[in-house]
Amino acid sequence: MIKNKVTDYYDKKAKYYDVWNIHTIRLTYVDINFFEKVFMEHGIIPRTVLDVGCGTGRLSLGLAKKGYMVTGVDVSSKSVEIAKNKVNDYPAKFVVSEISKYRPSERFDCAVSGDDVVGHFISNSYAVRSMSAVFRCLKRGGIFIFDAANPDSKRRYPKLKGWSAKLGSIKIKAERRSTFYDDGTYEWSDKLKVYDNGKYTSMHLENKIKIRSPEEWTRILNKAGFSEVEHRPAILQGGIPRIFYYVATKY
Ligand SMILES: C[S@@+](CC[C@H](N)C(=O)[O-])C[C@H]1O[C@@H](n2cnc3c(N)ncnc32)[C@H](O)[C@@H]1O
């Protein structure tokens, strides 16, 4: 089995992350409009927002541009460096930390997390520790909104074999080998051809995530202190949701 190596993987990928990001339908769903829709449904108008696993700042900066005061936290220093370079005058700041070790002095109105960051919480005990940290970061009445893949969809639909994307002068072509195990572990190995400003390089990137059912996530979130957890299906493929999104409330 492939080892869990989140920091290494995202540090390597950081420079190309924004190119990578444009190829996926999932990210066109889990975007700023999506989060604002959920804020409205829950009758909250957050001022301060914590972005868990902010990466290169896709959501943090999108929310900051709309006036929210955002703090993005990510374990990949290279990704955070890229996010910081895009801040300009927007109300966003970024911190390099594993979420489980993040101890801010302030409490946030809301926390968000996009594109299955939580899948990187591989063991159940680590997932509870990480979710407990998010719980501690929230004010009472605060909510945590995140998306996670649906194991039934992964089981049922053919594997992604590869993809290609282009952004500015960078073009990427990737071939993927992947395995989905009975325990919900999804691991992949990508061979990338990168054309950057006329120069060609190749990269090999591999990693894994843990894909859990809504029942498993609800148990973990309850253990972390969230007494109310809702989940909703999204992005239907042949009637089966590719993802669920979760809204966990701190009372
Ligand atoms: C799939 S990317 C999503 C990035 C961003 N949320 C987006 O939608 O563009 C997952 C991110 O989560 C970060 N991450 C994974 N595990 C983490 C942890 N335990 N604490 C903080 N960040 C983590 C990774 O470094 C990576 O940047």
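Two residues are taken to be in contact here if their C-beta atoms, placed from the backbone, lie within 7 Å. With that in hand, welcome to a quick tour of this predicted model. The chain splits into domain 1 (5-151 + 212-249) and domain 2 (153-208), and the largest nonpolar core has 49 residues.

**Around Asp109**
- Asp109 sits in strand β4 (residues 108-113).
- Setting aside neighbours within four places in sequence, Asp109 is in contact with Ile44, Pro46, Arg47, Thr48, Val49, Lys139 and Gly142.
- Asp109 counts as partly exposed because 19 other C-beta atoms lie within 10 Å, while a buried residue needs 20 or more.

**Nonpolar cores**
- In the 49-residue core, the residues with the most contacts inside it are Val49, Ala111, Val112, Val134, Phe144, Phe146 and Ala148.
- Strand β5 (residues 138-149) supplies the largest share of this core, with seven residues.
- Beyond four places in sequence, Phe146 touches Val112, Ser113, Val117, Val118, Tyr245 and Tyr246.
- Another core, of five residues, lies apart from the largest one and includes Tyr16, Trp20, Ile172 and Ala174.

- The C-alpha centres of domain 1 and domain 2 are 22 Å apart.
- Domain 1 brings 18 residues to the contact and domain 2 brings 15 residues.
- On the side of domain 1 that touches domain 2, the elements giving two or more residues are α1 (6-13), α2 (17-21) and β11 (240-249).
- That side of domain 1 holds nine nonpolar, three polar and six charged residues.

Methods: Residues are numbered from 1 along each chain as its sequence is written. This is a predicted model: local features need pLDDT of at least 70, side-chain atom pairs count only at pLDDT 80 or more; totals for chains, interfaces and linings use all residues. Domain bounds come from an automatic or database domain assignment. Helices (H or I, at least four residues) and strands (E, at least two) are DSSP runs, numbered from the N terminus. Ala, Val, Leu, Ile, Met, Phe, Trp, Tyr, Cys and Pro count as nonpolar, Asp, Glu, Lys and Arg as charged, and the others, Gly among them, as polar. A nonpolar core is a set of buried Ala, Val, Leu, Ile, Met, Phe, Trp, Tyr and Cys residues joined through C-beta atoms within 7 Å. A residue is buried if 20 or more other C-beta atoms lie within 10 Å of its own, exposed if 12 or fewer, and partly exposed in between; C-beta atoms are placed from the backbone.
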